[in-house]
Amino acid sequence: KIEDEVQAQLGGKKCMVSSEAPQVFAKACELFIIDLTTRAWAETQEARRRTLQRSDVCAAVSQDEQFDFLIDVLPRPPRKDPPAQDDHLLWQQKIAQHVFFNQALHKRHRDPPKDDDDDDAP
């Protein structure tokens, strides 16, 4: 049970978890996985591959400081030198791709798909 896990983390202190809390955590995990997968997929496409690999996830994590908490799970790859002038267009495309994916993710979160059950409502 969740209560047992929380109590173990709190050193055995008694606590209660509302029935909505697991649903909120599940949704937060879903959004986190979607965001991380989208970022990793951008790395996969940049490498002109069709299979997402661990290295893509590591590269995606290294792109943003908000993922620093994952450093023990997914070590950061060695930093690349700043892009040369010839790579400027490639970096612009990569940034535009990340912006597009983030906008799509936030739109999906803001406007979730409607259930078919709503058709029966009066």
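Two residues are said to be in contact when heavy atoms of theirs lie within 4.5 Å. By that rule, and leaving aside its neighbours within four places in sequence, L70 touches F32, L36 and V61. The model behind these values is a predicted one, in which local features need pLDDT of at least 70, side-chain atom pairs count only at pLDDT 80 or more, and totals for chains, interfaces and linings use all residues. Residues are numbered from 1 along each chain as its sequence is written, and side-chain values use heavy atoms, with hydrogens and water left out.

As for the overall layout, the chain has 4 helices and 0 strands. Here helices (H or I, at least four residues) and strands (E, at least two) are DSSP runs, numbered from the N terminus. Read from the N terminus on, the elements go α-α-α-α. Among contacts between residues at least 6 apart in sequence, 37% join residues at least 24 apart. Of the 122 residues in the chain, 19% count as buried; buried means under 20% relative accessible area, exposed means over 50%, and partly exposed is in between (1.4 Å probe, protein chains only). The accessible surface of the chain comes to about 10,100 Å², and 56% of that belongs to carbon and sulfur atoms. Those areas come from the Shrake-Rupley method with a 1.4 Å probe, and for residues only the protein chains shown count as cover.

Next comes the inside of the chain. A nonpolar core is a set of buried Ala, Val, Leu, Ile, Met, Phe, Trp, Tyr and Cys residues joined through side-chain atoms within 4.5 Å. The largest one is made up of 9 residues in all: L36, A40, V57, C58, A60, V61, F67, L70 and L74. Helix 2 and helix 3 are the elements that give two or more residues to this core, and helix 3 gives the most, with 4 residues. C58, one of the core residues, has its C-alpha atom 9.4 Å from that of V73, 15 residues away along the chain. V73 sits in the loop between helix 3 and helix 4 and counts as exposed because its relative accessible area is 55%.

On to the aromatic rings. A pair of aromatic rings is described by the distance of the centres and the angle of the planes. Rings of Phe, Tyr and Trp (its six-membered ring) pair if their centres lie within 6.5 Å; planes under 30 degrees apart count as stacked, over 60 as edge-to-face and the rest as tilted. That rule gives 2 aromatic pairs. F32 and F69 form a tilted one, with 6.1 Å from centre to centre and 45 degrees between the planes. This pair links distant parts of the chain, 37 residues apart: F32 belongs to helix 2 (residues 21-46), while F69 lies in the loop between helix 3 (54-62) and helix 4 (88-110). F32 is partly exposed, at a relative accessible area of 29%, and F69 is exposed, at 55%. Together with F67, F32 and F69 form one aromatic cluster.

That leaves the charged residues. Side chains of opposite charge can pair when their charged atoms come close. A salt bridge is counted when a side-chain nitrogen of Lys or Arg is within 4 Å of a carboxyl oxygen of Asp or Glu, and the structure holds 4 of them. One joins K27 to E30, with the closest N and O atoms 3.7 Å apart. Both of these residues lie in helix 2, 3 residues apart, or about one turn of the helix. K27 is partly exposed at 38% relative accessibility, and E30 is partly exposed at 34%.

Another salt bridge joins D35 to R39, whose closest N and O atoms are 3.1 Å apart. D35 and R39 are also both in helix 2, 4 residues apart, about one turn of the helix. D35 is buried, with a relative accessible area of 11%, and R39 is buried too, with 10%. R39 forms a salt bridge with D64 as well, the closest N and O atoms being 3.5 Å apart. This pair links distant parts of the chain, since R39 is in helix 2 and D64 is in the loop between helix 3 and helix 4, 25 residues apart. D64 counts as partly exposed, at 25% relative accessibility. Put together, D35, R39 and D64 are linked in a network of salt bridges.
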